[in-house]
Amino acid sequence: MKFLSSQQNLSGKTVLLRADLDAPREGNKILDDSRIKASVPTIKYLIDQGAKIVIVSKNGRPKGWQEEYTLKPIAEYIAKLLSKNFVSAKEYSDQYFNEVVFFEGDITKEGAVGEVKKLSQKNIVILENIRFYKQEEEASPVFAKQLSSLGEIFVNDAFAMMHRNEASVSLIPKYLPSFAGLNVEKELNALNKLLTLKADPFIVIIGGAKISDKVGAIKNLGKSAEHVLVGGGPANLFFLAQGFEIGESLCEKQELDVAKDLMRNYKQKLVLPVDVVVAKAKDHTQARVCKPDQVLKDEAILDIGPQTTLFFSKIVKASKKMVWNGPMGLFEEKQFSHGTMSLALIFAARCKGYAYGVVGGGDTLDALNKAKVLDQIDFVSTAGGATLDFLAGENLPGLKALE
Ligand code: ADP
Ligand code: MG
């Protein structure tokens, strides 16, 4: 794989950049700008190298050409971050130079490619949401070829998209010399370090809502891990698998066989809660601590209990390598946040040179942020599914294409 960071002769070259500018929005208001901000280093690197830039990205999950998913507010935001002016291609006139131009048109229309090319000679061009085209998710080679005609070099910096077989992710490298962007390089270095660094004990912490999307990662990491600590929905599933009453707890009941299989194959490694915080399922009142097999029918398990927190903390404190995905409980509600918050503090403290710690998952990042320790973690992966698939040892189409 070739990396952009070792490429220094881009002056005058037109680079087609697959960036990850995805952001949750409320109308034009951007609610979380972390991915947009994370794209800036690669864009600046390209600017510094004297490259001309055409940016491709998606936002949300539009069904066709849906105005509410336009990339325009994100393009405006990028312009601001780069301290450049913003103009849409419709309103463009020749006086603009070295600014951000948003191309709202359909690049498959007659003459559009030529127009984008012309704009990109003097400005940074950002194309409209690439998921507006059904050819993107269909992974259409014709569409990928059309896209590649917009640049001379392709840079993929969208690590979070690497597990998708989509035109702008995994097909463009067929047509252009291609490089991994700075973000992708950073993610690969950190995740490879997690997989290969010889540092024992290695522990895996799993929680959150679902086990189905994490089971591949648990299995692969579980091979070399000493302990797999389990909280949240996955723990509830393991309780159910042991025949315990779990009341109305969050649980993926259809994954019961997966849990049983994991219990058979990783039995000595799985560390389940020894106590839990439960409350009435309908209104979360009458919270109490009990053993996992003492949950009542009208209750729900909403956090790990104090003994478990202590027990998990001891294991974290003795570890040399750690990875965490998924909160231990319903941390959004204060009375059920203690397990997750305590673990966050101990995990972060361990990252101060005692162990190598990696975290991933949108809600896990929220929890660590709430505990004010996110900046202390050795590596924070911002990609969800792509990170899990990578840690599961799978081949990611976007990465494979760059090789
Ligand atoms: P991530 O985004 O970090 O991958 P998930 O999306 O899998 O994590 O799950 C996070 C969600 O799971 C949080 O909203 C959290 O409140 C919820 N959760 C975790 N444990 C429980 C529980 N015992 N009961 C209800 N919700 C839970
Ligand atoms: Mg989540």
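Q: In what order do the 6 strands of the open sheet with parallel pairing stand?
A: This is a predicted model, where local features need pLDDT of at least 70, side-chain atom pairs count only at pLDDT 80 or more, and totals for chains, interfaces and linings use all residues. Residues are numbered from 1 along each chain as written, chains are lettered from A and ligands numbered from 1 in written order, and side-chain values use heavy atoms, without hydrogens and water. Strands (E, at least two residues) and helices (H or I, at least four) are DSSP runs numbered from the N terminus, and two strands pair if DSSP finds at least two bridges between them. The pairing is parallel and the sheet is open, in the order β12-β11-β10-β16-β17-β18.

Q: Which strands are the edge strands of this sheet?
A: An edge strand here pairs on one side only. That holds for β12 (270–271) and β18 (379–381).

Q: Which residue of β12 is the bridge partner of Val228?
A: Strand β11 (residues 227–230) runs parallel to β12, joined by 2 bridges. In β12, Val228 has as its bridge partner Leu270.

Q: What angle does the direction of helix α12 make with that of β16?
A: Helix α12 (residues 338–350) packs on the sheet and touches β10 (202–206), β16 (321–325) and β17 (356–360). Contact means heavy atoms within 4.5 Å. Axes are lines fitted to C-alpha atoms, for helices over the stretch in contact, with angles from 0 to 180 degrees between N-to-C directions. The angle with β16 is about 150 degrees.

Q: Why is one side of β14 and of β15 left without a neighbour in the sheet?
A: These strands belong to an open antiparallel sheet in the order β14-β13-β15. β14 (288–290) and β15 (299–304) stand at the edges, so each has a single partner strand.

Q: Which residue of β14 is the bridge partner of Val277?
A: Strand β13 (residues 276–280) pairs with β14 in the antiparallel sense over 3 bridges. In β14, the partner of Val277 is Val289.

Q: How much area do domain 1 and domain 2 bury between them?
A: An automatic or database assignment sets the domain bounds: domain 1 is 4–186 and domain 2 is 197–391. Their C-alpha centres lie 37 Å apart. Buried area is the accessible area (1.4 Å probe) that two parts lose on being put together, summed over both. Carbon and sulfur atoms hold 71% of it, and the total is about 530 Å².

Q: Which residues of domain 1 lose the most area to domain 2?
A: The contact involves 6 residues of domain 1 and 8 residues of domain 2. Together, 72% of what the domain 1 side buries comes from Arg35, Phe159 and His163.

Q: Where is the proline of the cis peptide bond from Asp200?
A: The bond runs from Asp200 to Pro201, with omega near 0 degrees. Pro201 sits in the loop between α7 (182–196) and β10.
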